Amino acid sequence: MARALVTGGAGFIGSHLVERLTRRGDDVTVLDDLSTGRRANLNSVEDEKGFCLVEGSVLDAPLVDRLVAECDVVYHLAAAVGVNWVLRHPLRSLETNIQGTQHVLRACAEVDGGRRVLIASTSEVYGKNDKDALAEDDDRVLGSARLSRWFYSSAKAIDEAFALAYWQERQLPVTVVRLFNTVGPRQTGRYGMVVPRFVRWALHGEPLRVYGDGQQSRCFTNVNDVVRAMTALMDTPASVGEIFNIGQPREIRIIDLARRIIELCESSSEVKLVPYHAEEAYGERAVGYEDMRRRVPDASKLFAVTGFRPSIELEQTLREVIDYEMAADS
Ligand SMILES: NC(=O)c1ccc[n+]([C@@H]2O[C@H](COP(=O)([O-])OP(=O)(O)OC[C@H]3O[C@@H](n4cnc5c(N)ncnc54)[C@H](O)[C@@H]3O)[C@@H](O)[C@H]2O)c1
């Protein structure tokens, strides 16, 4: 049994990770400023002995130092998440995603004995690279540095560089995970995440707005597979100093995703194609917005090191999200 600190633990992925750690008997401290996370996401664990939620920021260095010192392992998930959110709040997002991660890494390196730490990064670091299956050593392919569309990708890539530098120079036992599109209950559609938005629209009989021609594809991984991969990596010494993709490689075109969600919801909604530049959510900052045609993970390194491979079918994941959204509506 260990005490784990989970930053961003009141968020979508963090709350599932906290449940998994608690179920296996670990004590868990969550550090979250509740900016996009919710206290209610932790309802199932709040009465567990050994669980504690600290409302605060990873930008508060003395607080991070204290909480890191009180735990054995650290999962750093707190971040301003997603391209859309960062487009709307660029300055605060960059501070959170770069300085926040620096605070966590520095605290882990400087506390007596050091701390095992996992840093959550993103497939966004690959940018526009659309090769068949992206492996960890593949190139980053980015657009103009002037476009705020790339800020999220750039900040997370800096986090990765800091993590690797702490490993190389200070032997900090760090593992970086690059998460591909992760889906499941509690993900909010408010910041442009596609599956919960589509499900809500379908349940309310509203048109499902699909950007562009809808032929762009994505691979969606169930959040339970993602948190299982995280704990498996943290339990495996061979993952130290390494970067791992977490995702499953089955692709679905966004237009087909929309149609499937309409069917599963038995909805009267229709699919509506909307040009990217007309999407009011991005406003003027959308000028030059670039979307990926596809992004497919090669997760063979994860399997080689842990023996674990994400396997939950998209169909099951969609049903879980639909059940969750229906319960939230009632
Ligand atoms: N959801 C995905 O598909 C996806 C894909 C790639 C990477 N990720 C990464 O996974 C991690 C978790 O993302 P998520 O999808 O659960 O998003 P989320 O927004 O639900 O979770 C992020 C959490 O961090 C908290 N937070 C934000 N700023 C903070 C601060 N300064 N101090 C303390 N807490 C703060 C938020 O309140 C929230 O609870 C992030 O690092 C994200 O970049 C997610």
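Strand β4 (residues 73-76) runs parallel to β5, the two pairing over four bridges; strands are DSSP E runs of at least two residues and helices are H or I runs of at least four, numbered from the N terminus, and pairing requires at least two DSSP bridges. The structure is a predicted model, in which local features need pLDDT of at least 70 and side-chain atom pairs count only at pLDDT 80 or more, while totals for chains, interfaces and linings use all residues. Residues are numbered from 1 along each chain as its sequence is written.

Val 117 of β5 is the bridge partner of Val 74. β5 also pairs in the parallel sense with strand β6 (residues 174-179), over six bridges, and Thr 122 stands opposite Leu 179 in β6. Seven of the seven residues of β5 are buried (20 or more other C-beta atoms, placed from the backbone, within 10 Å of their own), so β5 is largely enclosed by the rest of the structure. In a regular strand, side chains alternate between the two faces of the sheet. Arg 116, Leu 118, Ala 120 and Thr 122 point one way from β5, and Val 117, Ile 119 and Ser 121 point the other way.

The ligand is surrounded by 29 residues, counted where the C-beta atom, placed from the backbone, lies within 6 Å of the molecule. The closest are Gly 8, Gly 11, Gly 37, Ala 78 and Ala 79. At least two shell residues each come from α1 (12-23), β2 (27-32), α4 (90-110) and β5 (116-122); α1 supplies the largest share, three residues.

Methods: Buried ≥ 20, exposed ≤ 12 C-beta atoms within 10 Å, placed from the backbone.
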